[in-house]
Amino acid sequence: MNLISNVLYWISTGLLVPVIVLLIFFFIRAIILIGGFFGQYLHVKKTTSVIYAGINGLTPQTLPEFEHRLPKKGGSPLTAYARKIVEAAGDESKTDLLLSEFEIEADKGIALSKTLTKMGPILGLMGTLIPMGPALVGLASGDIASMAYNMQVAFATTVVGLVVSAIGFLTQQTKEHWAVKNMTILEYLADVTAMANGKEKGCCSTAEGGEK
C-alpha cells in the first residue's frame, strides 16, 4: 500500500511543472485574447452597422437597396455571409449550407474562450492540490519555509486559473450573444431573399402565360 501511495505521490508531484507551464501559456493566450477581443468589438460594431440598420425594415421590395449597401470586400463574417445569401437568390439548399458554414465559423471563434473557461479552473485546482502534499510534509517535519513556499505556489496557481477562466467566460458570453444575434439576422435575410425570389418567379410565370 505504501508503494502505491508513493507512486501516486511521485506522479502528482511530477505534474506540478507541466501544470504551471500550461497555466502560464493559457494566461498569455488570455491576455492576447483580450487585446484581440477589443479590436474585434470595434470591428464588429463598425462593419455590421449597415446590416443592423437595414434589417428591421427589410422587405422583398427593399432587398436590392440592402444588397447595394453591403460592402463588396472585407467586413465581418456577418456581412460576408449576408452577401453570399443574397447572391444565392433564394436557392434553399445553398442558403442552408451557408447558414451551417456560418454557424461552424462562429463556433470556431468561440472555441478559445470555451477552452480558457474550462481549463482555467482545472489547472488552477490541480496547481492548488499538488503543492498541498509537500506543504503538509513540511508542516509535519517542522520545515516552515518549505510549507510556506508550497502554499504560495498553491494560492498563485488558483488565482491565475480563475483569472484565465474569467477572461474566457466573459468573452465566450459576448461572442455567443453576437453569434445568436447574427444567426437570427441571417435566417431572416434568407427568408426575405426566398420571398423575393418567389415573387420574381411568379411574375415571370405570369408574363410567360400572358404571352402564350
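Which residues in α2 meet which residues in α6? In this predicted model, local features need pLDDT of at least 70, side-chain atom pairs count only at pLDDT 80 or more, and totals for chains, interfaces and linings use all residues. Numbering runs from 1 along each chain as its sequence is written, and side-chain values use heavy atoms, with hydrogens and water left out.

On the α2 side sit Val19, Leu22, Leu23, Phe26, Arg29, Ala30 and Leu33, and they meet Leu112, Ser113, Thr115, Leu116, Met119, Gly120, Leu123, Gly124, Met126 and Gly127 in α6 (contact means heavy atoms within 4.5 Å; helices are DSSP runs of H or I, at least four residues, numbered from the N terminus). That set splits into 11 nonpolar, five polar and one charged, with Gly counted as polar. The axes of α2 (residues 16-47) and α6 (residues 92-129) come within 10 Å and cross at roughly 145 degrees, on a scale from 0 to 180 degrees between N-to-C directions, using lines fitted to C-alpha atoms over the stretch in contact.

As for α1 (2-14), this helix and α6 each supply at least two residues of a nonpolar patch, with seven from α1, the largest share. Trp10 lies in α1.
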